[in-house]
Amino acid sequence: MSWTRSISLGLTLTAAGFAGLVGSPASADTAVLTPAADGTLFEPLPGNGLASSGSGQFLYSGKTNTLKLRRALVRFDFSSIPAGATITSVSLQVQLSRAVGGPRDMGLYLCAAPWGEGVSDGGDPGGRGASPETGDVTWDHSVFPTVLWAQPGGDYLPTARAVAVASSSSDPVVWESTPDLVADVQGWLDAPASNLGWLIRHVDEDASVTGKRFGSREHKDPAHRPQLTVEYTAGKTACIADFNGDDIVNSTDVSDFINQWFADQIEGTFLTDWDDNGVVNSTDVSNYINDWFASPPECTG
Ligand SMILES: [Ca+2]
Ligand SMILES: [Ca+2]
Ligand SMILES: [Ca+2]
């Protein structure tokens with residue numbers, strides 16, 4: 001058929017006229033997530049037992065006044081973000097509640113092994129942790145008491161994905177979005193089994209007393225819990241405008257779409273309900289045409 005056709009909406013759809021129908025692009029959404037799991041690696045003093053605080057209110061990074069290191073772990077669940085979404089921005093905030101040693105750079109590092117969270121609770125102030133319980137992380141264990149890290153202190157990749165300054169005792173620490181953080185979350189969304197989370201540690205671990213304490217996901221005040229803000233656009237496959245499924249996007253798809261759109265009106269079907277809102281109307285035509293024009297070269301042959 002010709003796709004110059006006057007339809008009941010009063011629109012005359014011509015090839016040239018489609019350009020005038022271009023409307024809003026795919027909508028942007030934001031998810032604010034608290035961790036699915038978090039904990040601290042407590043470097044033990046010689047002769048002392050291992051410690052953990054899987055369910056305590058606090059996480060730690062830096063060096064204590066006994067000159068032992070602390071490193072934190074956080075992992076998030078991205079199942080609330082639709083599969084196929086495109087991640088556009090990722091930032092993490094934690095809330096400090098104790099700090100020594102002045103401003104320090106804290107980095108996010110990609111964790112390289114699965115790890116657990118048990119019910120140990122170091123309490124408040126909590127900087128020494130508590131005896132580890134089954135499933136906890138320790139300086140030596142990714143899953144106490146059965147699984148060891150390859151390296152004591154945790155397995156992680158050596159380059160920070162983002163760095164933020166941890167300043168005084170009551171400030172938030174905010175890691176602003178970086179391409180690396182966006183890539184991490186995109187990868188975890190696309191392949192959830194690869195999601196091992198981030199390790200948080202001071203960039204300079206040689207400096208003397210530097211310890212920082214911040215809220216865990218178990219903190220009694222939700223405002224003190226880590227918050228990951230993820231911005232994304234809902235996913236559509238690149239060749240979504242291939243309406244007739246012949247692996248090429250061309251004018252036949254437009255005429256087939258318009259034919260089906262009229263058929264939907266007559267038959268009460270919804271095959272052209274392009275925005276999935278339960279109504280077949282002119283918005284679906286303009287949205288389809290948007291997607292048709294947005295088709296990348298690999299879809300149009
Ligand atoms: Ca925890
Ligand atoms: Ca096609
Ligand atoms: Ca619709």
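Select Ser97 together with its contacts outside the four neighbouring places in sequence: Ser169, Arg213, Phe214, Gly215 and His224. Ser97 belongs to strand β7, which spans residues 86-99. The model is a predicted one. Is Ser97 exposed, partly exposed or buried? It has 19 C-beta neighbours inside 10 Å and therefore counts as partly exposed; the threshold for a buried residue is 20 or more.

**From Ser97 to Ser169**

Next, centre the view on Ser169. The C-alpha atoms of Ser169 and Ser97 are 5.1 Å apart, although 72 residues separate the two in sequence. Which residues does Ser169 touch, once those up to four places away in sequence are set aside? They are Leu96, Ser97, Arg98 and Ala99. Ser169 sits in the loop that links β11 and β12. With 12 other C-beta atoms within 10 Å, Ser169 is exposed, because the exposed class takes in counts of 12 or fewer.

Move to Ser170, in the loop between β11 (162-166) and β12 (172-175). Ser170 has 10 C-beta neighbours inside 10 Å and so counts as exposed. From Ser170, draw a C-alpha distance to Arg213: 9.9 Å, across 43 residues of chain.

**Ser80 and Val32**

Now select Ser80, in the loop between β6 and β7. Ser80 has 10 other C-beta atoms within 10 Å and is exposed. Its C-alpha atom lies 9.9 Å from that of Val32, a residue 48 places away in sequence.

**Backbone geometry**

The next selections concern the backbone. Most residues other than glycine have a negative phi, and most peptide bonds are trans.

- Leu67: phi is near 65°, a positive value in a residue that is not glycine. Leu67 occupies the loop between β5 (58-63) and β6 (69-75) and, with 11 C-beta neighbours inside 10 Å, counts as exposed.
- Asp247: phi is positive, about 70°, and the residue is not a glycine. Asp247 is placed in the loop between β15 (227-233) and α2; with 9 other C-beta atoms within 10 Å, Asp247 is exposed.
- Asp124 and Pro125: the peptide bond joining them is cis, with omega about 10°. Pro125 is part of the loop between β8 (104-110) and β9 (141-143).
- Phe144 and Pro145: this pair is also joined by a cis peptide bond, with omega about -5°. Pro145 is in the loop between β9 and β10 (147-148).

**The α2 and α3 pair**

Two packed helices are described by the angle between their axes and the distance between the axes. Select residues 251-267 for α2 and residues 282-293 for α3; their axes come within 11 Å and cross at roughly 165°. How are α2 and α3 oriented to each other? The pair is roughly antiparallel, because angles over 145 degrees fall in that class. The crossing of α2 and α3 is right-handed.

To see the contact itself, show the side chains of Asp253, Val254, Phe257 and Trp261 in α2, which meet Asp284, Val285, Tyr288 and Trp292 in α3. By class, the residues of this contact comprise six nonpolar, two charged and no polar.

**The whole chain**

The average for the protein is 90, and 90% of the residues score at least 70. Residues 1-26 have a pLDDT below 50; this stretch makes 30 contacts in the model beyond near neighbours in sequence.

Switch to a secondary-structure display to see three helices and 15 strands. Of the 301 residues, 39% are buried. How many of the protein's contacts with a separation of 6 or more involve residues 24 or more positions apart? The share is 75%.

Key. Residues are numbered from 1 along each chain as its sequence is written. Chains are lettered from A and ligands numbered from 1 in the order in which they are written. This is a predicted model: local features need pLDDT of at least 70, side-chain atom pairs count only at pLDDT 80 or more; totals for chains, interfaces and linings use all residues. Axes are lines fitted to C-alpha atoms, for helices over the stretch in contact, and angles run from 0 to 180 degrees between N-to-C directions. Helices (H or I, at least four residues) and strands (E, at least two) are DSSP runs, numbered from the N terminus. Angles under 35 degrees count as roughly parallel, over 145 as roughly antiparallel, 65 to 115 as roughly perpendicular and the rest as oblique. A crossing is left-handed if the near helix is turned anticlockwise from the far one by less than a right angle, and right-handed if clockwise. Two residues are in contact if their C-beta atoms, placed from the backbone, lie within 7 Å. Ala, Val, Leu, Ile, Met, Phe, Trp, Tyr, Cys and Pro count as nonpolar, Asp, Glu, Lys and Arg as charged, and the others, Gly among them, as polar. pLDDT is the predictor's confidence in each residue, from 0 to 100.
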